[in-house]
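Here is a friendly briefing to read with the model open in your viewer. It goes through surface patches, salt bridges and strand pairing in turn.

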Amino acid sequence: MRKKKKPIYKRVWFWILVVIIIFGVSSMGNDSGNGGEKVSSSTTKQTTQKKMNYYKVGDSVKVGDVVYTLKSATTTKERNMFEDKKPKYVIKIVYHVKNGSDEDLSVGVDDDVYGPDNNKLDNYPLNNTTLDAIAPGKEKDVTVGYGAHSLGSFEIHFKPILSLEKEAIYKVKIK
């Protein structure tokens, strides 16, 4: 006669594992400061920018094995006639990505933008929006759009999707 096994959710080790995972995930976002390492074009030794609050347009920042360079952040008059949302402003962001990892890198989904009111902006599809993947060791210019209700100071966060690295945060003023 066989002994009936307990369901997995009634086992002690299952609940211990759940608690460990919950604590691990909740503690990941508690780090302060800006992530990434500023990359300079000079041959001097590169240092981590620990006290820097934000990066600016033109700065190259290494996040894990990926280097991001914000090229521009401007308003555009371009509108997508098929888009249901009708924001007052459309912000066009162009950045360069260099994939130094040994895996393909998804781009166009590796950024988040926060408006002057600190609310996360919704993506806005432009004619040349980039949703792509970059092979290891390759690079690409990426264009994305966001809808905004006001202009002012914006934060742009870059981090490879599913990465545990700290994101690089740029701050730009758009008039």
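**Briefing: charges, patches and strands**

Asp65 is found in the loop that links β2 (60-63) to β3 (66-76); helices (H or I, at least four residues) and strands (E, at least two) are DSSP runs, numbered from the N terminus. This is a predicted model, in which local features need pLDDT of at least 70 and side-chain atom pairs count only at pLDDT 80 or more, while totals for chains, interfaces and linings use all residues. Residues are numbered from 1 along each chain as its sequence is written, and side-chain values use heavy atoms, with hydrogens and water left out.

**Surface patches**

- Asp65 gathers with Asp102, Glu103, Asp104 and Glu165 in a patch of negative charge on the surface.
- Asp65 counts as partly exposed because its relative accessibility is 45% (buried means under 20% relative accessible area, exposed over 50%, partly exposed in between, with a 1.4 Å probe and protein chains only).
- Patches are made of residues with over 30% relative accessible area and no salt bridge, joining like charges within 9 Å and nonpolar side chains (Val, Leu, Ile, Met, Phe, Trp, Tyr) within 5 Å.
- For charge, Lys and Arg count as positive and Asp and Glu as negative, with His and the chain ends not counted; the place of a charge is NZ of Lys, CZ of Arg, CG of Asp or CD of Glu.
- A nonpolar patch on the surface is formed by Trp13, Leu17, Ile21 and Val25, which together have about 400 Å² of accessible area (Shrake-Rupley method, 1.4 Å probe; for residues, only the protein chains shown count as cover).
- Ile21, from that nonpolar patch, lies in helix α1 (residues 12-28) and is partly exposed at 49% relative accessible area.

**Salt bridges**

- Five salt bridges turn up in a search of the whole structure (a side-chain nitrogen of Lys or Arg within 4 Å of a carboxyl oxygen of Asp or Glu).
- One of them joins Lys71 and Asp141, with the closest N and O atoms 2.9 Å apart.
- Lys71 is in strand β3 and Asp141 in strand β9 (residues 139-148), so this pair ties together parts that are 70 residues apart in sequence.
- Both partners are partly exposed: Lys71 has a relative accessible area of 44%, and Asp141 has 37%.
- Lys120 and Asp112 meet through their side chains in a salt bridge at 3.2 Å, N to O; Lys120 is partly exposed at 49%, and Asp112 is partly exposed at 25%.
- Lys140 and Asp132 form a salt bridge at 3.6 Å, N to O, with Lys140 partly exposed at 29% and Asp132 partly exposed at 38%.

**Strands and sheet**

- An open sheet is built from six strands in the order β1-β2-β3-β4-β9-β7, with antiparallel pairing (two strands pair if DSSP finds at least two bridges between them).
- β1 (37-39) and β7 (122-123) are the edge strands, each pairing on one side only.
- Strand β4 (residues 89-99) pairs with β9 in the antiparallel sense over ten bridges, and His96 stands opposite Asp141 in β9.
- Strand β6 (residues 111-114) pairs with strand β10 (residues 152-158) in the antiparallel sense over four bridges.
- In β6, Asp111 and Val113 make up the covered face, while Asp112 and Tyr114 make up the uncovered one.
- In a regular strand the side chains alternate between the two faces of the sheet.
- Val113, on the covered face of β6, stands opposite Ile156 in β10.
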